[in-house]
Amino acid sequence: MARNAALKHSTHKKREASGAASAAEPQSAKANHPAHSLDRLIHERMRLGIISALAANESLTFNDLKNLMHTTDGNLSVHARKLEDGGYIACTKSFEGRLPKTEYKLTANGKRALENYVSHMETLIKQVRSR
Amino acid sequence: MGSIHLVTQPQEEPPALHTRAMDNLQYIRETMERATAFTAISGWGLLAIGITGLMTSFIAAHKSFKSWLAIWLADALVALLIAGWSMDRKARATQTPLLSGPGRKVAFSLSPPLLAGAILSLVLYRSGSTNAIPGLWLLLYGTGVITGGMFSVSVVPIMGLGFMALGAATLFAPAAFADWFMAAGFGGLHIIFGVIIARRYGG
């Protein structure tokens, strides 16, 4: 059962990765359409929110992000981990007195990804308006 | 024999791609705006306000009520200027307009308790109950900081709670301690929380 769960997890990860890959390397002419080259890693609402919040701050703690996104510890850590694995955010863990402190920062890759995403959205809007 | 008819619900059209794109852009903008509230309050500004508050409490101590009031009102004006200048500097550094969503929210939340404090101070002054004014100021300032701090980092409402606790203590303590409470609140709390905000939330 545990194996099944691990397999499911790895398949899910592969799907994520393939999503990101398709964003980087469009495989067909159809993929040239902005809607098909979206960065799926940050297209998800929660992850888009995390990236946007970090873009407006030098760094934010886990609790700051949790309060800002109105989410649970589990949900935030899952999405933050995906962004960390994708190299979009960096996480540092330290202790403040006896309390553990997790701090997140946007990496250069993450900043670029957000900029690309915003320009994708703008292109989509422009395309419709120019029709 | 009955026959089965398939009832198909009229399907709502999925939102157009460009509508979703606009929605996403708005979401990014709103999230960034909400997150900017985390840095809108300047810690260094609060520290400077705390230092002037501490100085004012020592200058105003043991003066006649009119002089005491004039000195504190002058300090309030100085504090307002420091707060405006330091928040503007921080907003420029993070490239956020000061009077955007979060800035407006903080200003609107902080103003009503301060206005209530000004009106009540006038009423107390006219009725000769001036001893209650320091406690009232601390209490209502704390209320304003808590409501304004709802849009900011959690440390700000905690500072507000500190002011409210000091205000309540001042109202029930002998009038001779009022200046000490003013020094602890407008001086001490501003300095302590100013340093915390400056160190943790980028200046």
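**Helix 4 of chain A, then the cores**

Trainee: What follows helix 4 of chain A?
Mentor: A:His70, with a positive phi near 50°. Helices here are DSSP runs of H or I, at least four residues, numbered from the N terminus. This is a predicted model, where local features need pLDDT of at least 70, side-chain atom pairs count only at 80 or more, and totals for chains, interfaces and linings use all residues. Residues are numbered from 1 along each chain as its sequence is written, with chains lettered from A and ligands numbered from 1 in the order written.

Trainee: Which residues of helix 4 of chain A are buried?
Mentor: A:Asp64, A:Leu65, A:Leu68 and A:Met69, in a helix spanning residues 62-69. Buried means 20 or more other C-beta atoms, placed from the backbone, within 10 Å of the residue's own.

Trainee: Why do they line one face?
Mentor: Down the helix axis they fall within an arc of 115°, so they line one face; the arc is taken over directions from the axis to the C-beta atoms.

Trainee: Switching topic, which residues touch the most other members of the largest nonpolar core?
Mentor: Among them are B:Leu46, B:Tyr141 and B:Phe163, in a core of 32 residues. A core joins buried Ala, Val, Leu, Ile, Met, Phe, Trp, Tyr and Cys through C-beta atoms within 7 Å.

Trainee: And what lies apart from it?
Mentor: Another core, of 28 residues, including A:Ile51 and B:Ala35.

Trainee: How many residues are in the chain contact?
Mentor: 19 from chain B and 18 from chain A, counting C-beta atoms, placed from the backbone, within 7 Å.

Key
Buried ≥ 20, exposed ≤ 12 C-beta atoms within 10 Å, placed from the backbone. Helix = DSSP H or I, 4+ residues; strand = E, 2+ residues; numbered from the N terminus. Contact = placed C-beta atoms within 7 Å.
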